[in-house]
Amino acid sequence: MSRIKDLQKNLFGGTTSNARQFGMIFTLVAIVLIFQIWTDGLTLRSDNLIALFQQNSYILILAIGMLMVIVAGHIDLSVGSIAAFTGILVAKSMTEWDLPWPAAIVFGLAIGAVIGAWQGFWVAYVGVPAFIVTLAGMLLFRGGNQFIGNAQSIPVPEGFREIGSGFLPEFGPNTGYNNATLLLGLAAAAAVVWREIRTRNTRRAMDADPAPMWVSILRMAIMVGVIAFASLRFASGRVGTSFPISGIILLLLVIAYSFYTRNTAGGRHIYAVGGNSRAAELSGVKLKRVNFFVMMNMSVLAALAGMIFVARSAASGPQDGNGWELDAIAAVFIGGAAVAGGIGTISGSIVGGLVMAVLNNGLQLQGVGTDKVQIIKGLVLLLAVAIDVYNKSQGRFSIIGSLMRPFRREDSAPPASPPDAERKPAKAAVSG
């Protein structure tokens with residue numbers, strides 16, 4: 001096999017799903033380079049990168065939960081309203097009820113869990129479509145935000161603001177960089193190398209051929225190079241700034257949820273339900289439990305995103321959360337996920353969210369109006385879906401082909417035979 005074929009087969013992990021995600025990474029890099037040239041170097045300036053992550057961390061957190069909801073075959077339109085509702089209650093708990101800010105964060109997460117349990121109950125145990133339940137939630141919790149806050153802004157204390165506007169601390173010798181950010185970059189680079197070595201050893205233990213060594217080295221070099229560049233950019237900002245605390249929260253969530261969706265039975269069950277819910281149920285998957293979990297988890301992450309936004313804004317307001325659900329859904333679609341199809345990854349959704357974030361940021365740096373920014377974002381989303389429709393015409397998996405799956409008559413047909421049912425969820429789980 002030629003080196004080019006080795007590269008095509010192994011650099012992307014050997015699957016169409018991974019290849020598409022790497023394609024999105026290359027698209028993100030291309031967009032960054034275009035705006036870097038167009039803005040005369042402003043895009044990759046340290047202060048701009050730091051602001052970009054702070055301004056979009058809450059959307060990326062929403063994208064993590066939305067990915068799991070969409071993979072399971074649902075949609076959640078209420079996340080922006082839940083974030084705003086949680087934000088106003090947490091702000092009031094600190095300013096009027098004298099709740100310490102650490103306890104207020106726990107209180108906010110508990111609010112998200114209760115709301116998620118409420119919506120999950122209607123979806124999983126009553127059988128109301130998630131679209132309807134969350135549409136009702138969008139109206140309910142938006143009204144609740146404005147009723148509780150009397151359509152006014154409520155400030156939050158200084159300590160609470162750290163989760164939204166804080167940075168890694170300064171310590172150690174004066175290197176001209178933020179040492180904590182440099183150490184974070186070193187840890188990330190070491191993790192990339194360790195993961196590649198572990199993957200090769202695992203394949204050998206399974207009597208499978210690992211990727212050619214030169215492909216592994218190239219893959220590690222690319223990832224380590226990107227990490228090194230980003231670390232230096234974040235570490236070289238003005239004194240007092242570095243990698244944002246909200247970015248640390250996002251990074252921990254990406255690691256935790258990526259592990260959960262890829263390496264646990266619960267994560268595989270989500271993909272199985274999205275791939276073929278009836279077959280998954282025949283195979284022993286607790287369908288109601290999975291649907292309840294993804295809805296409840298989404299609301300908890302929405303509550304966290306709302307608190308991070310309020311912390312960065314230093315106050316909770318009546319317009320918080322407007323349109324967040326659309327940004328999160330767009331990030332998941334652009335990142336390669338499929339409604340009711342059991343396909344998509346956490347990392348892909350993060351890349352999709354970054355594509356939208358860089359578009360927003362670059363166009364704003366060029367002074368493009370908000371109206372034109374919305375038009376361009378809509379065209380980008382349309383293009384992503386158009387590519388998916390083309391994939392469907394070529395016999396590949398399609399997002400649009402799965403959109404109406406929960407409402408088709410064929411779902412009322414008798415379930416497939418057990419042998420077929422046992423094979424389909426296994427295939428769906430692997431595709432995640």
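Predicted model: local features only at pLDDT ≥ 70, side-chain atom pairs only at ≥ 80, totals over all residues.
User: Why is H15 called mostly covered?

Analyst: A residue counts as buried when its relative accessible area is under 20%, and 17 of the 20 residues of H15 are buried, so the description follows from the definition. Just after H15, Gly367 takes a positive phi of about 75°.

User: How many residues does the protein chain have, and what percentage of them is buried?

Analyst: The protein chain has 432 residues, of which buried residues make up 47%. Its accessible surface comes to about 20,900 Å², with 66% of that belonging to carbon and sulfur atoms.

User: Which regions carry the annotation "transmembrane region", and what is the secondary structure over residues 241–260?

Analyst: The unreviewed UniProt entry gives this annotation to several ranges, including residues 58–91 and 241–260. Over residues 241–260 the chain is 80% helix and 0% strand, with the end C-alpha atoms 32 Å apart, whereas over residues 58–91 the chain is 79% helix and 0% strand, with the end C-alpha atoms 17 Å apart. For the protein chain as a whole, the secondary structure comes to 18 helices and 2 strands.

User: What share of the contacts with a separation of 6 or more joins residues 24 or more positions apart?

Analyst: With contact taken as heavy atoms within 4.5 Å, residues 24 or more positions apart account for 78% of the contacts in the protein chain with a separation of 6 or more.

Notes. Residues numbered from 1 in each chain as written. Heavy atoms only, no water. UniProt positions renumbered as here; feature names shortened; annotations may be inferred. Helix = DSSP H or I, 4+ residues; strand = E, 2+ residues; numbered from the N terminus. Buried < 20%, exposed > 50% of the residue type's maximum accessible area, 1.4 Å probe, protein only. Areas by Shrake-Rupley, 256 points an atom, 1.4 Å probe, with all protein chains shown as cover.
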